[in-house]
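Please look over the sequence and the structure shown here before reading the briefing that follows.

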Amino acid sequence: MEIENYPGRHLTYCTNVHPGESWKDVLDQLKDNLPGLKKKLSPDKPFGTGLRLSAEAARDLLKSDRLSRFKEWLDQEGLYVFTLNGFPYGSFHRQRVKDQVYKPDWRTEERVEYTSNLVTILAELLPENMDGGISTSPLSYKYWLENQEETDQAFQTGSRNLARIALEMANIQNDGGRELHLDIEPEPDCLIENSRETVDFFSNWLLPVGSEYLLNEFGIPAEEGKKILQDHIRVCYDTCHFAVEYENPVRAIENLKEAGIRIGKTQISAALKVKLNVSESSLESGALALKLRNFDEPVYLHQVVERRQDGSLRQYRDLPDALPHLSNQEAVEWRIHFHVPIFVNNFEQMGSEEDGAGGTGAIGSTQEDIVKSMQVILKQNDCRHFEIETYTWEVLPDALKSDLPDSIEREFNWTLEMIQSIS
């Protein structure tokens, strides 16, 4: 849906919340959920869709006349697609995902082929006079790279492969098609995980290596190649991920803008925030650990970043790795990569109706970072795509689970009220 008072800005939710890896399963989920949500949230205007397709579903959709028939169904229902989630390649629900979500990475032909299929799909589905974006993984996972040589090789190969997709998008636009962009999504423990590493990658790898590749392989002059990369490779700013990294939203967004890096999509999401009291008793620490174990589930990776009294940060690969260090006397706060409902800010009373932003318990959320980020992006940035991305409903503690359509509706209502308050 177009955001009121912000012409050309579109809000949706990511359909990665719905399980389904084949195109048939995806379409069944869309038909079960989208018409009802549109009726509630946007009865009189078109309702935007943030479509998640696995590699399998993308290949299936491109067979026969499935894509044209899907487009006809969207038009009939008053729905439109303007952004795709191209991050998870394979299965994303009801089985162990963890670090497999980063495979295949941007060193591989599989990732390039998958993304190219998504480009073809989005170019066909995108309405006129609208740009389209595809969010993607931040190159690779740091723990897979054993030394600096492997890291540099990942940056180099990834830059060349991203340039291939950028050129494909530029050719579509030059042939009279839509404006498309690929939006890299920084995430904790990945090869690109914060604003500083994002700027470093664009400045030191993507632009020089990517433009050299376009020159050598296609004869595109260096400056033209850099413009292609800047226009079609952007950033997906996930408010949960940047908050886990303790980034100041205003400064992070300014850093990207100063480096000439555009935000193609903003993902509206919240992480867990845990206050750690250095004077708390072992009994209190044990009670906190019991509460946090409710969020230790076997499907997704929940990276933890610990802030210490001296301001330094320590990272843990997953919540189970962090829990034994909960009573560390140097630690003052944890931020946990667990996408929690954005309308809840206090998880001390899990299952209660206390939703607001005034929670004072030890377990809260980074909801405030959403507000600060949106204030800057809506008023000072050219980002036009906004996507609510809470995909963890199935693995939330039982006290937080509720009817999925109702939960999605509540997230929309909270977001719209938040936007209204800052407009």
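**Briefing on the chain**

Y246 counts as buried, at 18% relative accessibility, where buried means under 20% relative accessible area, exposed over 50% and partly exposed in between (1.4 Å probe, protein chains only). This is a predicted model, in which local features need pLDDT of at least 70, side-chain atom pairs count only at pLDDT 80 or more, and totals for chains, interfaces and linings use all residues. Residues are numbered from 1 along each chain as its sequence is written, and side-chain values use heavy atoms, with hydrogens and water left out.

**Backbone features**

- Y246 lies in the loop between α8 (239-244) and α9 (249-258), helices being DSSP runs of H or I with at least four residues and strands runs of E with at least two, numbered from the N terminus.
- Phi of Y246 is positive, near 60 degrees, in a residue other than glycine.
- D189, in the loop between β5 (180-184) and α6 (195-218), also has a positive phi, near 70 degrees, and is buried with a relative accessible area of 4%.
- The peptide bond that joins K103 and P104 is cis, with omega about -15 degrees, and P104 lies in the loop between β3 (79-85) and α4 (109-125).
- Most residues other than glycine have a negative phi, and most peptide bonds are trans.

**Whole chain**

- The chain has 13 helices and 13 strands, and 57% of its 423 residues count as buried.
- Along its principal axes, the C-alpha trace spans about 65 × 50 × 40 Å.

**Confidence**

- The mean pLDDT (the predictor's confidence in each residue, from 0 to 100) is 93, and 95% of residues reach 70 or more.
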